[in-house]
Amino acid sequence: MDCLFCKIAAGEIPSTKVFENDDVLAFRDIDPQAPFHVIIIPKTHIASAAEITTENSALVAKIFEAAAAIAAEQKLEKGFGIVTNCGEEGGQTVGHLHFHMLAQRNLAWPPG
Ligand code: 5GP
Ligand code: ZN
């Protein structure tokens, strides 16, 4: 499958890794929207948040466990935001489920 984030998960495309375990990978976004901007993905391919089911939803819990570990490791005690964009109007540009973790600036709400 021709999927950018599957290739990053497989190590075929290099990335700056921040966190990794058997199920989850987190790496620096190539075009950061905040001083701290990491992408967290499941290593297995899920197309988007619209494809989360009873069978694969445990991976979402693993992603949030990773986020908490990253926040502790990176000392993000002032807080952080987590966003997943889904579909065309949701602004999704890579068709592999991913969560943006942003920190180290004031994050406006709602997102633009
Ligand atoms: P989306 O727009 O789908 O919510 O998020 C995709 C994100 O992937 C964007 O923030 C974009 O900067 C990032 N991105 C796209 N290609 C690459 C790449 O090759 N390497 C890394 N590290 N990030 C990428
Ligand atoms: Zn993929």
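Four salt bridges turn up in a search of the whole structure. The model is a predicted one.

**Salt bridges**

Side chains of opposite charge can pair when their charged atoms come close.

| Pair | N to O distance |
|---|---|
| K17 and E20 | 3.4 Å |
| K43 and E20 | 2.8 Å |
| K62 and D23 | 3.4 Å |

Which residues are linked in a network of salt bridges? They are K17, E20 and K43. E20 pairs with K17, and E20 also meets K43.

Where do K43 and E20 lie? E20 sits in strand β1, residues 17-20. K43 belongs to the loop between β3 (36-42) and α2 (58-73).

Buried would mean under 20%.

The bridge between K62 and D23 stands in another part of the fold. This pair links distant parts of the chain, 39 residues apart. K62 is in helix α2. D23 is in the loop between β1 and β2 (24-28). Both are partly exposed: K62 has a relative accessible area of 34%, and D23 has 27%.

**The sheet**

How many strands form the open sheet? Five do, in the order β1-β2-β3-β5-β4. Their pairing is antiparallel. At the edges stand β1 and β4 (80-83). Each has a single partner strand, so one side of each is left without a neighbour in the sheet. Neighbouring strands are turned against each other by 20° on average, direction ignored.

Inside this order, β3 pairs with β5 (residues 99-103). The pairing is antiparallel and runs over five bridges. One residue pair can be named: H37 has L102 in β5 as its bridge partner.

**The helix on the sheet**

Helix α2 packs on the sheet. Which strands does α2 touch? The helix touches β1, β2, β3, β4 and β5. The direction of α2 makes about 150° with that of β3. Helix α2 also holds K62, which meets D23 in a salt bridge.

Technical notes
Residues numbered from 1 in each chain as written. Chains lettered and ligands numbered in written order. Predicted model: local features only at pLDDT ≥ 70, side-chain atom pairs only at ≥ 80, totals over all residues. Heavy atoms only, no water. Salt bridge = Lys/Arg side-chain N within 4 Å of Asp/Glu carboxyl O. Helix = DSSP H or I, 4+ residues; strand = E, 2+ residues; numbered from the N terminus. Buried < 20%, exposed > 50% of the residue type's maximum accessible area, 1.4 Å probe, protein only. Pairing = 2+ DSSP bridges. Axes fitted to C-alpha atoms, helices over the stretch in contact; angles between N-to-C directions. Contact = heavy atoms within 4.5 Å.
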